[in-house]
Amino acid sequence: MTATTDERVKSVSGFRRAMIRPELGAICGTILVFVFFVLIAGDTGMFAAQGVMNWTLVSAQFAIIAVGACLLMIAGEFDLSVGSMIGFAGTVIAIVSVQWGWPVWIAIVCAFAVALAIGALNGWLVIRTGLPSFIVTLAFLYILRGLTIWLSILTTRQTIIGGVGEAAQGDWLAWLFGGKIFGSLFVWLADANLIATYDRGARSGQPIIDGIPMLIVWAIGLMIFAHVLLTRTRFGNWIYAAGGDAQAARYVGVPVDRVKILMFMFTAFCATVFATCQVMEFGSAAADRGLLKEFEAIICVVIGGALLTGGYGSVVGAALGALIFGVVQQGLFFAGAESSLFRVFLGTILILAVIMNTFIRRMITGER
């Protein structure tokens, strides 16, 4: 008997499969960025242990919010309230712990509960009203920022609330956001002369890097969770389906509304993780924290290959987009360049990323 091939099954070459990978542009961009800064800042300490820690920490900050934005964008929606959520969640933690005197772990739980509720409300409004998520979340950008400033002034008569660091001393949940791990490993590396130590002051002889901040751990954990969710589970297929063609997905039984609401909640969760880590790092909350972070998160995702129309993207790509951000921001500092050039980079890389994504979409759909 002769085997027959279903005419609907089309053979795709390995080269074409590689070319339509969403993270292709981000991989190329990452290589180019590293080569560029090795050439212009390789002897400045940027790639020494302390320099690597600096740009890794900055990249992790971008990655935490980019992960949530990535899944939401693949589901076909945007959340422009992410930046305001960061400031709002941090202020909730500070007010509950410092002004009300509650344990910090309760303050953190309250911040997450409120943030998840607001994320659910964002998603519910988008679904029930049929309004674009751009409009709904833009409204919440202003609502949350205004509430943050009002609550700060109402409780402390200022927009910065300090004292969180002291209140968090010995708090078990606070350590999960503001602590460090592998401290003994870095002591051993310093004793073996593999990393630098302080040569003067009260910390003389101690390693310059005393551990890996939990912010980096959270970034790695969220990236792994989101990647597995997106690529190894049925819910991940639902996310792609909800963003690709929501009506067709409903016809085959995908709970599109529930998927989108959960993605809004996950974005709010990621923003609150960022806010909590930031509050624990600085020991205070400020009403202006998170300014413009929503756009930086979206740019990371776009650099990573996600389509603005939804249904296509990758967590790996978003993570590489965050890495590019962190390396460039710190690389310009090490190279002694004007810091405002970072904004020039943002605009340039966004245009290039959209052009690349459009090219990939045309390859996939066969459009001209």
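Predicted model: local features only at pLDDT ≥ 70, side-chain atom pairs only at ≥ 80, totals over all residues.
Colleague: What makes the meeting of lysine 293 and glutamate 296 a salt bridge?

Modeller: The term asks for a side-chain nitrogen of Lys or Arg within 4 Å of a carboxyl oxygen of Asp or Glu; the N to O value for lysine 293 and glutamate 296 is 3.2 Å, so the pair qualifies. Both residues lie in helix 14, three residues apart, which is about one turn of the helix, and lysine 293 is buried as well, at 16%.

Colleague: Why is helix 14 described as largely enclosed by the rest of the structure?

Modeller: Ten of the eleven residues of helix 14 (residues 293-303) are buried, and therefore the description holds. Helices here are DSSP runs (H or I, at least four residues), just as strands are (E, at least two), numbered from the N terminus.

Colleague: What do lysine 260 and glutamate 77 form through their side chains?

Modeller: They meet in a salt bridge at 2.8 Å, N to O, and this pair links distant parts of the chain, with lysine 260 in helix 13 and glutamate 77 in the loop between helix 3 and helix 4, 183 residues apart. Both partners are buried, lysine 260 having a relative accessible area of 10%.

Colleague: Is arginine 250, which forms a salt bridge with aspartate 257, buried or partly exposed?

Modeller: Arginine 250 is partly exposed, with a relative accessible area of 36%, and aspartate 257 is likewise partly exposed, at 29%. The closest N and O atoms of this pair are 2.9 Å apart.

Colleague: How do you know that the span of helix 2 agrees with the value it should have?

Modeller: The expected span is 1.5 Å times one less than the number of residues, so the 18 residues of helix 2 should span 26 Å, and the end C-alpha atoms are 25 Å apart, which agrees. Among the buried residues of helix 2 are Leu24, Val33 and Phe37.

Definitions and conventions:
Residues numbered from 1 in each chain as written. Heavy atoms only, no water. Buried < 20%, exposed > 50% of the residue type's maximum accessible area, 1.4 Å probe, protein only.
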